[in-house]
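Please brief me on this protein chain.

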Amino acid sequence: FVDYWTKEYGGYLDLHENTELVTDDDEISSDYHNGYLLQSKAEYAIADHATNYPNQPMFMYYAMQLIHGVWSAPDEFLDRCGYPDTTDEISGYLSDVMGNYCALN
């Protein structure tokens, strides 16, 4: 799977917009989670369409990659859920699952 922070798969950058490889330093920064990047691009496309084509309908299929296993949700979302960090395998796994579920809601 593509890493949501580094945007890499198998050690190679794997972030495209249409058919072009994204090379913008801000967008490929590992400080910028892919979920935020895709959200900001969707918001920009909607605002741009509303400004430039106000009388034409718009269709957008917005498929977030985050549904495949949200093991890398940003800490700010995980922290608000209040699940404790645990080190044992079973409790730690359940805490991660519940924390990530909470972060999505």
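The points below go from the whole chain to single residues.

This is a predicted model. The chain has four helices and four strands. Two salt bridges are counted.

**Whole chain**

- The chain has 105 residues, and 23% of them are buried.
- The accessible surface of the chain is about 8,100 Å². Carbon and sulfur atoms hold 54% of that surface.

**Salt bridges**

- Lys 41 and Glu 17 form a salt bridge, with their closest N and O atoms 2.6 Å apart. Lys 41 sits in helix H2 (residues 34–52) and Glu 17 in strand S3 (residues 16–17), so this pair ties together parts that are 24 residues apart in sequence.
- Lys 41 also meets Glu 27 in a salt bridge, at 3.1 Å from N to O. Glu 27 belongs to helix H1 (residues 25–28) and Lys 41 to helix H2, so this link joins parts that are 14 residues apart in sequence.
- Shared partners join Glu 17, Glu 27 and Lys 41 into one network.
- Glu 27 is buried, with a relative accessible area of 18%, because buried means under 20%. Lys 41 is partly exposed at 25%. Glu 17 is partly exposed at 40%.

**Helix H2**

- How well does the span of H2 agree with its 19 residues? At 1.5 Å a residue, H2 should span 27 Å. Its end C-alpha atoms are 27 Å apart, which agrees.
- Which residues of H2 are buried? They are Asn 34, Gly 35, Leu 37, Ala 42 and His 49. Seen down the axis of H2, the buried residues fall within an arc of 170 degrees, so they line one face of the helix.
- The buried residues of H2 pack against H1.
- Tyr 44 and Thr 51 are exposed on the other side of H2.

- Tyr 4 lies in the segment before strand S1 (8–9).
- Is Tyr 4 buried or exposed? Its relative accessibility is 7%, so Tyr 4 counts as buried.
- Tyr 4 and Gly 35 are 31 residues apart in sequence. In space, their C-alpha atoms are 7.4 Å apart. Gly 35 is one of the buried residues of H2.

**Nonpolar surface patch**

- Which residues make the nonpolar surface patch? Ile 46, Met 58, Met 60, Tyr 62 and Met 64 do, and the patch covers about 390 Å².
- Met 64 is found in the loop between H2 and helix H3 (75–79). Met 64 is partly exposed, with a relative accessible area of 30%.

**In brief**

- Lys 41 of helix H2 pairs with Glu 17 of strand S3 and with Glu 27 of helix H1.
- H2 has buried residues that line one face, and these pack against H1.

Technical notes: Residues numbered from 1 in each chain as written. Predicted model: local features only at pLDDT ≥ 70, side-chain atom pairs only at ≥ 80, totals over all residues. Heavy atoms only, no water. Salt bridge = Lys/Arg side-chain N within 4 Å of Asp/Glu carboxyl O. Helix = DSSP H or I, 4+ residues; strand = E, 2+ residues; numbered from the N terminus. Buried < 20%, exposed > 50% of the residue type's maximum accessible area, 1.4 Å probe, protein only. Expected span 1.5 Å × (residues − 1). Arc of directions from axis to C-beta. Contact = heavy atoms within 4.5 Å. Areas by Shrake-Rupley, 256 points an atom, 1.4 Å probe, with all protein chains shown as cover. Patch = residues over 30% accessible without salt bridge, like charges linked within 9 Å, V, L, I, M, F, W, Y side chains within 5 Å.
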